[in-house]
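Please read the following briefing alongside the sequence and the coordinates.

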Amino acid sequence: VLGNTTLATASASVTFSSIPGGYKDLVLVVQAGSTSAGGDAIMMQFNGDTSYSNYFNVFMEGDGSTATSGTWTTNGIANSYNTVHFSSAANGALVWQVMDFTTTDKHKSTLVRSNRASSGVSGAAGRWANTAAITSITLVYGNPAASFSAGSTFRLLGVN
């Protein structure tokens, strides 16, 4: 376990910094709620990079009767498109994989699977267009008015 955080109070962001090398991949497990009734997609940003031009995402999601898929660029790798909402009334869980996070000869890729307690599941793949080793990860909601609610948990694991 590289990091384990449970929020005592609401927070606009959660950061894992000084991530050590020595592992091939990272896995981030999140059980989070939002202070915003609408919630929003959770965004993963690497090494403080918030540039829209460096993050690319594809997604798919469904609720048993309706399915959606698409692509987009945004200021981080998102857990899914903006229709996936984690709200204080319906906490969601997600598992994020970051592959080859210490390599310096290729862009970084991610896979994420998430669910909403209210309905639906989603999956997304992302690419950070940068060859730098990842040394920090910051999580924020795509909606700047939303914060992670108290009791949200975040666990970062290193995998060989």
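The chain contains zero helices and twelve strands, where helices (H or I, at least four residues) and strands (E, at least two) are DSSP runs numbered from the N terminus. This is a predicted model, in which local features need pLDDT of at least 70 and side-chain atom pairs count only at pLDDT 80 or more, whereas totals for chains, interfaces and linings use all residues. Residues are numbered from 1 along each chain as its sequence is written, and side-chain values use heavy atoms, with hydrogens and water left out.

**Chain as a whole**

- Followed along the sequence, the elements give the pattern β-β-β-β-β-β-β-β-β-β-β-β.
- Of the 160 residues in the chain, 44% count as buried, a term that means under 20% relative accessible area, with exposed meaning over 50% and partly exposed covering the range in between (1.4 Å probe, protein chains only).
- The chain exposes about 7100 Å², and carbon and sulfur atoms supply 52% of that area; accessible areas come from the Shrake-Rupley method with a 1.4 Å probe, and for residues only the protein chains shown count as cover.
- Among contacts (heavy atoms within 4.5 Å) between residues at least 6 apart in sequence, 70% join residues at least 24 apart.

**Phe-154 and its surroundings**

- Phe-154 belongs to strand 12, which spans residues 153-159, and it counts as buried because its relative accessible area is 1%.
- Although Phe-154 and Val-30 are 124 residues apart along the chain, their C-alpha atoms are separated by 4.7 Å.
- Once its neighbours within four places in sequence are left aside, the residues in contact with Phe-154 include Gly-3, Leu-7, Phe-16, Val-30, Leu-139 and Phe-148.

**Aromatic pairs**

- The structure holds five aromatic pairs, for which rings of Phe, Tyr and Trp (its six-membered ring) must have centres within 6.5 Å, and planes under 30 degrees apart count as stacked, over 60 as edge-to-face and the rest as tilted.
- One of them joins Phe-46 and Trp-128, whose ring centres are 5.3 Å apart and whose planes meet at 50°, so the pair is tilted.
- That pair links distant parts of the chain, since Phe-46 lies in strand 4 (residues 42-46) and Trp-128 in strand 10 (residues 121-128), 82 residues apart.
- Phe-46 is buried, with a relative accessible area of 0%, and Trp-128 is buried as well, at 1%.
- Tyr-141 and Phe-148 form a tilted aromatic pair, with 4.6 Å from centre to centre and 35° between the planes, and both residues are buried.
- Phe-46, Tyr-55 and Trp-128 form one aromatic cluster.
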